[in-house]
Amino acid sequence: MKTRTSLLTAAVLVAGIAAGPSVLPAAASAPAARSTTGQSPHAALEAAIAGLPSADATAALVRVSGKEGTWHGSSGVHDLRTGRPADPAARFRAGSVTKVFTAAVALQLAEEGRLDLDRSARSYLPELIPASYAGVTVRQLLDHTHGIPAPDFPGTTVEEAYANRFRVYDPRDMVRSATSKKPEFAPGERQHYLNIGYTVAGLLIERVTRDSYEHQVARRVLGPLGLRDTCFPGTNPRITGPHNHGYQTMRLDDGTTGLRDVTVWGATDAWAAGNIVSTTADLETFTRALFQGRIVRGPLLEEMFTLPEVTDFRTGKPAAYSVGLSMKVLGGREVWGKTGGRWGYNAAIASTRNGSRTLVYSVNSTDAKGQDMNPTAENIMVAAYGRP
């Protein structure tokens with residue numbers, strides 16, 4: 001395929017918005033994104049992000065690269081109040097894409113002999129992991145076959161979550177909450193995708209390195225790859241640096257349903273499972289390096305491309321998650337990667353195994369934690385790789 005590069009910016013103005021910056025009505029439709037380079041854009045990708053803001057998303061940032069061609073695009077708005085065009089270099093919450101970074105560091109430590117994938121998590125954290133979970137191995141934490149249930153969090157609705165958005169969660173307390181319950185299944189028998197395995201993995205990294213999880217990721221991944229716009233906000237609920245606002249559909253103070261600005265929202269409940277902030281450019285660099293074997297090397301890299309031979313705890317379907325990644329067949333070929341969602345933001349990294357086509361996107365979804373994939377995000381994935 002001939003390389004095509006199209007830098008898109010949608011000059012979108014949202015009229016008729018009288019509310020303040022924190023409470024806003026539903027987004028209005030806007031004209032399709034247009035090329036600013038004079039080059040022919042990749043039609044399918046351009047169409048996937050056209051018409052933003054919409055009811056599903058207020059902005060989208062996309063980067064496709066690899067042997068099959070290159071395409072960069074953005075659409076939508078920086079924020080609904082001003083209607084300024086979305087910043088294509090903006091930082092965003094990448095959610096569970098964090099798990100790929102965590103898994104990479106854990107596998108590096110395994111390569112160094114400091115972490116044994118077949119050893120029990122309890123043997124590293126005997127004061128935290130109870131005997132009822134003595135059989136859970138490090139590998140099972142990383143491929144979601146551990147059987148540890150989710151911890152308890154206050155509230156069950158998005159409105160209750162919003163009310164607790166500044167609450168700070170301690171990872172050890174979350175592990176204690178989760179392991180105080182009965183296992184969902186015996187270790188290694190099923191797969192259930194949850195954050196808790198990566199919360200424990202973050203604590204394992206700290207135990208064997210005697211260092212903070214965040215510093216280990218920075219020293220081993222962010223620094224060597226020059227990912228200067230990727231960081232862990234810690235307890236800071238704000239995104240530092242340039243960023244596009246995120247919105248969530250919910251019940252507003254006047255009893256109506258509409259969009260609320262949820263850009264400022266703490267993510268300590270996710271920590272090593274979903275607290276990272278990044279850019280599409282940084283995540284593209286990370287994805288290409290990972291698939292080229294420049295972060296995790298040798299046989300341990302295959303852990304990230306090996307699905308456990310078990311079924312999903314909820315659906316009974318074959319396992320879809322490996323160590324750090326997941327796999328879907330799109331357009332007749334295997335695509336490996338990871339999606340992530342935090343309130344107001346959906347993100348993903350993906351690549352064919354040989355790196356012929358990589359994809360990174362950030363979509364400012366208005367229901368980022370919904371049961372179904374965001375329509376704009378799904379359209380981007382299909383445009384890049386084809387249908388399931």
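**Close-up 1. The loop that holds Trp271.** Trp271 lies in the loop between β7 (257–261) and β8 (276–278), where helices (H or I, at least four residues) and strands (E, at least two) are DSSP runs numbered from the N terminus. The model is predicted, so local features need pLDDT of at least 70 and side-chain atom pairs count only at pLDDT 80 or more, while totals for chains, interfaces and linings use all residues. Residues are numbered from 1 along each chain as its sequence is written, and side-chain values use heavy atoms, with hydrogens and water left out. Trp271 has a phi near 45°, a positive value in a residue other than glycine. At 8% relative accessibility Trp271 counts as buried, given that buried means under 20% relative accessible area, exposed over 50% and partly exposed in between (1.4 Å probe, protein chains only).

**Close-up 2. The contact of helices α7 and α8, with Arg210 in the loop between them.** The axes of α7 (residues 196–209) and α8 (residues 213–225) come within 8 Å and cross at roughly 80°; axes are lines fitted to C-alpha atoms, for helices over the stretch in contact, and angles run from 0 to 180 degrees between N-to-C directions. The two helices are therefore roughly perpendicular to each other, a class that covers 65 to 115 degrees, with angles under 35 counted as roughly parallel, over 145 as roughly antiparallel and the rest as oblique. Gly202, Ile205, Glu206 and Thr209 in α7 meet Tyr213, Glu214 and Gln216 in α8, contact being defined as heavy atoms within 4.5 Å. By class, this contact has 2 nonpolar, 3 polar and 2 charged residues (Ala, Val, Leu, Ile, Met, Phe, Trp, Tyr, Cys and Pro count as nonpolar, Asp, Glu, Lys and Arg as charged, and the others, Gly among them, as polar). Arg210, in the loop between α7 and α8, has a positive phi of about 55° although it is not a glycine, and Arg210 is exposed, with a relative accessible area of 80%.

**Close-up 3. Two stacked aromatic pairs.** The structure holds 10 aromatic pairs, in which rings of Phe, Tyr and Trp (its six-membered ring) have centres within 6.5 Å; planes under 30 degrees apart count as stacked, over 60 as edge-to-face and the rest as tilted. Phe101 and Phe286 form a stacked pair, at 3.9 Å centre to centre and with 10° between the planes. Because Phe101 lies in helix α2 (residues 98–111) and Phe286 in helix α9 (residues 280–291), this pair ties together parts that are 185 residues apart in sequence. Both Phe101 and Phe286 are buried. Tyr193 and Tyr321 are also stacked, at 4.6 Å centre to centre and with 20° between the planes. Tyr193 lies in the loop between β5 (190–191) and α7, and Tyr321 in the loop between β9 (311–312) and β10 (326–330), so the pair ties together parts that are 128 residues apart in sequence. Tyr193 is buried, with a relative accessible area of 18%.

**Close-up 4. A ring cluster, and charges over rings.** Ring pairs link Tyr162, Trp265 and Trp343 into a cluster. Lys369 lies over the face of Trp343, at 5.8 Å from the ring centre, and Arg119 lies over the face of Tyr124, at 4.1 Å from the ring centre; a charge sits over a ring if NZ of Lys or CZ of Arg is within 6 Å of the ring centre and within 35 degrees of the ring normal.

**Close-up 5. The cis peptide bond from Leu52 to Pro53.** The omega of this bond is near 5°, and Pro53 is found in the loop between α1 (43–48) and β2 (57–65).
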